[in-house]
Amino acid sequence: MASNKFLTLVTLVVILLPTIAMATDFVVGGDSGWTTGVDYPNWAKDKTFHVGDALVFKYSNPPHNVFKVNGTGFKECVKPTANDQAPLTSGNDRIELKTPGNKWYICTAANHCDLGQKLVITVMDAAPASAPSSSVRRIIFSGYQVFAAAVVGVLLAVAV
């Protein structure tokens with residue numbers, strides 16, 4: 001009985017792991033986090049961001065925060081108006097990248113944005129050229145999951 005539970009657990013991990021492993025969490029600024037004195041353009045330059053990935057902003061609050069802004073707000077370090085989205089202030093904010101395109105983030109504490117505490121990234125819709133497209137990946141993983149489920153079913157039938 002215990003071996004059946006273990007086998008079921010292993011099967012679930014095998015089936016779900018490829019789907020989970022496809023997205024990446026990027027800690028903005030790496031070990032330095034979200035703070036002044038970090039070269040965010042340099043940090044982002046060798047990274048490729050895809051829909052489904054996430055940015056994780058780690059910082060101390062006060063004094064820092066995270067505002068999602070548009071290109072003008074980014075360039076001019078302008079805090080969004082009261083009608084816009086409120087700032088993130090938890091100190092450990094995770095933002096899932098749901099759509100492709102440019103994304104801009106700033107800190108509006110004191111003159112932090114003017115000091116360079118701002119990030120612009122481009123989110124790609126498709127997977128890198130060396131990997132299959134997202135629709136092909138879905139088919140592959142779907143087929144993989146069906147195969148894994150069939151193997152588990154056979155093993156459970158034999159074990160009983």
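Phe-49 pairs with Val-123, its bridge partner in strand 7. Strand 7 covers residues 118-124 and runs parallel to strand 2, with two bridges between them. The model is predicted: local features need pLDDT of at least 70, side-chain atom pairs count only at pLDDT 80 or more, and totals for chains, interfaces and linings use all residues. Residues are numbered from 1 along each chain as its sequence is written, and side-chain values use heavy atoms, leaving out hydrogens and water.

- Four strands form an open sheet in the order 2-7-6-4, with mixed pairing.
- Strand 2 (49-50) and strand 4 (67-69) are the edges; each has a single partner strand, so one side of each lacks a neighbour in the sheet.
- Strands are DSSP runs (E, at least two residues) and helices are H or I runs of at least four, numbered from the N terminus.
- Two strands pair if DSSP finds at least two bridges between them.

**Strand 3**
- Strand 3 (residues 54-58) has four of its five residues buried (under 20% relative accessible area, 1.4 Å probe, protein chains only).
- Strand 1 (residues 25-27) joins strand 3 in parallel through three bridges; Val-27 partners Val-56.
- Strand 5 (residues 92-96) pairs antiparallel with strand 3 over five bridges; Lys-58 stands opposite Asn-92.

**Cysteines**
- The whole structure holds one disulfide (cysteine sulfur atoms within 2.5 Å).
- Cys-77 and Cys-113 form that disulfide, with sulfurs 2.1 Å apart.
- The link is left-handed, at -75° about the S-S bond.
- Cys-77 lies in the loop between helix 3 (71-76) and strand 5, and Cys-113 in the loop between strand 6 (101-106) and strand 7, so the pair ties parts 36 residues apart in sequence.
- Cys-107 is in no disulfide; the nearest cysteine sulfur, that of Cys-113, is 8.1 Å away.

Key: Buried means under 20% relative accessible area, exposed over 50%, partly exposed in between (1.4 Å probe, protein chains only).
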